[in-house]
Amino acid sequence: MLPTIAALAAEIHDAVEAAVGHAAPRPDRKFNKEDEFVAFGLKTDVWRDVMRGFRARINGLSLEDRLDLADGLFGMRIGELGHSAIYALALSTSELGPQHFKRLDRMADGFTGWSHVDDFCIAVLQPLLLAHRPETLALLERWSRSPNRWKRRASVVAFVRKVGESGDFTEEALRLCENLVGDPEDLVQKGVGWALKDLMRGDRERVLEYVKELRCRGAPATITLYAIRDLRGRERDEVLQVRRRVDLPPTAP
């Protein structure tokens, strides 16, 4: 990393730290149960104000320098600075392509919590999925089988919100969800449920039948109950009445 980029990363760190009165980062017990996510505790709107102050300078960097900046910020292992790294990547999506996927894959090893995953998926992965569909789907397939739980979560959270609601990715997304229906991690299961919920908005009949199938197979309730959050009345009751069929093997852990 060039000294000027390292200095900018340090300046962003200092600005975030100053915004919380120079308090030391600490494990976030409110939204993260594990000690992995360490943060200053800066409110999101204040963090955004801090980053807006750096936007012009980040935009003025070359793509390579923005990638180096993101690497440096992820390397600090502090929640808000991971989001600052994603902020720099989000400003670069029009220039990013499959040739950068190995580097993005390494950066994903710097995720320390679900909020990094979700931010990265919506701000970075979704634009790449729309612009470079086959290559991004191949990356997500690899991530769905990764030992890194955050990459596994990302492989399905990439299909939430407008991407899922479009109905354009149903089959590919269901295949990736299927890879994870037996995942033991709660936050991965919740990611699958979230993806199914939003996919149902774009292809209701297909996804609803899949959720019923998951109930028949004894998939975790964390997944299926999240998936039907939008349902009301008879449709919801029909799903809840589905019971696991004893003649089907249980979903693999």
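Lys 190 is a handy place to start: in this predicted model, its relative accessibility of 32% makes it count as partly exposed. Its salt-bridge partner is Asp 186, with the closest N and O atoms 3.1 Å apart. Asp 186 is partly exposed too, having a relative accessible area of 34%.

Ones that share partners tie Glu 165, Lys 197, Asp 198, Arg 201 and Asp 230 into one network. Pick out Glu 165 and Arg 201 from that group: their side chains meet in a salt bridge at 2.8 Å, N to O. This one links distant parts of the chain, since Glu 165 is in helix H10 (residues 161-165) and Arg 201 is in helix H12, 36 residues apart. Is Arg 201 buried or partly exposed? At 43% relative accessibility, Arg 201 counts as partly exposed, and Glu 165, with a relative accessible area of 33%, is partly exposed as well.

Now hop over to Glu 141, which forms a salt bridge with Arg 175, their closest N and O atoms being 3.3 Å apart. Glu 141 lies in helix H8 and Arg 175 in helix H11, so this pair ties together parts that are 34 residues apart in sequence. Arg 175 has a relative accessible area of 41%, which makes it partly exposed. Across the whole structure, a search turns up 27 salt bridges.

On the H13 side, the contact is made by Arg 204, Leu 208, Val 211, Lys 212 and Arg 215, and on the H15 side by Glu 235, Glu 238, Val 239 and Leu 240. Sorted by class, the contact has four nonpolar residues, five charged ones and no polar ones.

Next come the aromatic rings. The count comes to five aromatic pairs. How are the rings of Trp 47 and Tyr 87 arranged? Their centres are 6.1 Å apart and their planes sit at 90°, so the pair is edge-to-face. Trp 47 is in helix H2 (residues 44-52) and Tyr 87 in helix H5 (residues 79-90), and with 40 residues separating them, the pair links distant parts of the chain. Trp 47 counts as buried at 10% relative accessibility, and Tyr 87 is buried with a relative accessible area of 16%. Elsewhere, ring pairs link Phe 74, Phe 111, Phe 120 and Trp 143 into a cluster.

Arg 229, for its part, lies over the face of Tyr 226, at 3.9 Å from the ring centre.

Terms used
Residues numbered from 1 in each chain as written. Predicted model: local features only at pLDDT ≥ 70, side-chain atom pairs only at ≥ 80, totals over all residues. Heavy atoms only, no water. Contact = heavy atoms within 4.5 Å. Helix = DSSP H or I, 4+ residues; strand = E, 2+ residues; numbered from the N terminus. Nonpolar A, V, L, I, M, F, W, Y, C, P; charged D, E, K, R; others polar. Phe/Tyr/Trp six-rings, centres within 6.5 Å; stacked < 30°, edge-to-face > 60°. Buried < 20%, exposed > 50% of the residue type's maximum accessible area, 1.4 Å probe, protein only. Lys NZ or Arg CZ within 6 Å of the ring centre and 35° of its normal. Salt bridge = Lys/Arg side-chain N within 4 Å of Asp/Glu carboxyl O.
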